[in-house]
Amino acid sequence: MNHTTQLPDHRSDGVRKGGAAAPPPDGSGTRRRPASTQWAAWGFLAPVTLYLALFYAYPLYRNLDLSLRNYTVRSFVQGNAPFTGLDNYRKILDDPTFAPALLHTVVFTAVCLIFQYAIGLALAVFFHQNFRLSATLRALFLVPWLLPLIVSASTWSWMLNSDSGIVNALLSGLGFDAVNWLTSPSWSLTSVIIANIWIGVPFNLVVLYSGLQSIPTSLYEAAAIDGANAWQRFWRITFPLLRPVSAITLLLGLIYTLKVFDIIWIMTKGGPADSSTTFATWSYQLGFGNLLPAFGPGAAVGNLLVVAALVFGLVYVRAQRKQALS
């Protein structure tokens with residue numbers, strides 16, 4: 001009686017069943033993207049990469065290099081400035097202008113953000129009622145945003161002129177004393193804040209109005225049936241659902257307001273007596289506003305603004321990530 005030993009079949013299940021052989025474990029049989037597709041992807045990425053490198057990465061690098069060297073006009077042209085490390089940062093920290101400029105920057109940014117957001121949100125809720133002429137009035141509110149900043153700043157300079165300004169003319173007609181809006185240290189910062197609020201309200205209006213459009217009307221109808229008044233509907237429905245839109249609006253407004261230069265420079269040039277000087281105007285004044293420019297300290301002040309904007313941006317990204325995970 002013959003006993004035959006059956007050897008184990010090492011073929012894969014697919015081969016035994018008549019199917020195709022499984023790919024080798026080293027992954028050499030995986031399907032690869034064609035080379036033409038990869039080159040097309042790199043072709044689409046190249047313009048964006050080149051743009052970011054030329055207009056973002058290189059200027060940031062140059063500004064950092066300026067802040068770490070002792071540049072003069074000659075060395076700026078010849079490119080042989082000596083390396084000084086953090087000396088330029090120590091100079092601006094010890095400068096008597098640093099504390100007032102920091103305070104003015106914080107006050108200018110905070111007050112502008114609060115009023116721009118509050119007024120923009122109120123107008124967005126108002127125009128969300130879709131009454132007659134709503135679209136026309138909404139378009140008119142965009143005019144300050146569409147005008148060039150030099151035109152807006154020049155207009156406000158004329159309106160707030162101490163002698164011939166329309167604002168003082170109205171105050172005199174109402175029996176009040178004239179105010180030196182642009183030439184008084186007590187009022188110069190207030191003047192540029194008012195002008196910047198006027199310019200920034202349309203942006204908040206447009207973004208927040210778009211956010212209101214995405215809120216279902218059924219929520220308001222259900223709340224009205226439950227007896228909620230207008231304030232309760234706003235506080236319980238509108239405001240919570242607008243938080244993502246509000247966050248990005250405030251972040252963009254913060255970054256824009258930190259770097260506001262032209263409005264302040266055209267209206268007051270940071271004066272009088274540095275009463276409206278911010279980091280943006282101080283950086284320009286150090287680098288270009290004197291006969292002997294201080295390129296290094298000016299770049300150092302500019303880098304402080306970059307770091308501040310970066311910190312707030314990272315805080316926003318972190319908050320959004322936590323919100324997405326929760």
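Arg90 is partly exposed, with a relative accessible area of 46%. Its salt-bridge partner is Asp87, and the closest N and O atoms of the pair are 2.5 Å apart. Asp87 counts as partly exposed too, at 34% relative accessibility. Why do Asp87 and Arg90 lie about one helical turn apart? Both belong to helix α4, residues 87–94, and they are 3 residues apart in that helix, so about one helical turn separates them. Keep in mind that this is a predicted model.

Asp65 takes part in others. Asp65 bridges to Arg62, with 3.3 Å between the closest N and O atoms. Asp65 also bridges to Arg69, and there the closest N and O atoms are 2.8 Å apart. Helix α2, residues 35–67, holds both Asp65 and Arg62. They are 3 residues apart, so the spacing is again about one helical turn.

Arg62 is partly exposed at 24%. Arg69 is partly exposed as well, at 26%. The cut-off explains the labels: under 20% is buried and over 50% is exposed, so values in between are called partly exposed.

Now step back to the whole chain. It has 16 helices and 0 strands. Of its 326 residues, 33% count as buried. The accessible surface comes to about 21100 Å². Carbon and sulfur atoms account for 66% of that surface. Consider next the contacts between residues at least 6 apart in sequence: 64% of them join residues at least 24 apart.

Two helices show how such segments meet. Helix α5 covers residues 98–127, and helix α13 covers residues 243–258. Their axes come within 10 Å and cross at roughly 145°. The crossing is right-handed. On the α5 side, the contact is made by Thr105, Phe108, Thr109, Cys112, Leu113, Gln116 and Tyr117. On the α13 side, Ser246, Leu250, Gly253, Leu254, Thr257 and Leu258 take part.

Move on to the surface. Which residues form a nonpolar patch there? The members are Leu133, Leu137, Leu140, Phe141, Val143, Leu147, Ile150, Val151, Trp198 and Ile266. Together they have about 830 Å² of accessible area. Helices α6 (134–140) and α8 (149–159) each supply at least two residues of the patch.

Leu133 lies in the loop between α5 and α6. Its phi is near 70°, a positive value in a residue other than glycine. Leu133 is exposed, with a relative accessible area of 55%. Phe141 lies in the loop between α6 and α7, where α7 spans 143–146. Phe141 is partly exposed, at 34%.

Ser152 touches Pro144, Leu147, Trp198 and Ile199, leaving aside residues up to four places away in sequence. Leu147 and Trp198 are also members of the nonpolar patch.

Ala139 is found in helix α6. At 43% relative accessibility, Ala139 counts as partly exposed.

Finish with the loop between α14 (262–267) and α15 (279–288), where Pro272 lies. The peptide bond from Gly271 to Pro272 is cis, with omega near -5°. Lys269 is found in the loop between α14 and α15 as well. Lys269 has a positive phi of about 55°, although it is not a glycine. With a relative accessible area of 51%, Lys269 is exposed.

Key: Residues are numbered from 1 along each chain as its sequence is written. This is a predicted model: local features need pLDDT of at least 70, side-chain atom pairs count only at pLDDT 80 or more; totals for chains, interfaces and linings use all residues. Side-chain values use heavy atoms; hydrogens and water are left out. Patches are made of residues with over 30% relative accessible area and no salt bridge: like charges are joined within 9 Å, nonpolar side chains (Val, Leu, Ile, Met, Phe, Trp, Tyr) within 5 Å. Accessible areas come from the Shrake-Rupley method with a 1.4 Å probe; for residues, only the protein chains shown count as cover. A salt bridge is a side-chain nitrogen of Lys or Arg within 4 Å of a carboxyl oxygen of Asp or Glu. Helices (H or I, at least four residues) and strands (E, at least two) are DSSP runs, numbered from the N terminus. Buried means under 20% relative accessible area, exposed over 50%, partly exposed in between (1.4 Å probe, protein chains only). Axes are lines fitted to C-alpha atoms, for helices over the stretch in contact, and angles run from 0 to 180 degrees between N-to-C directions. A crossing is left-handed if the near helix is turned anticlockwise from the far one by less than a right angle, and right-handed if clockwise. Contact means heavy atoms within 4.5 Å.
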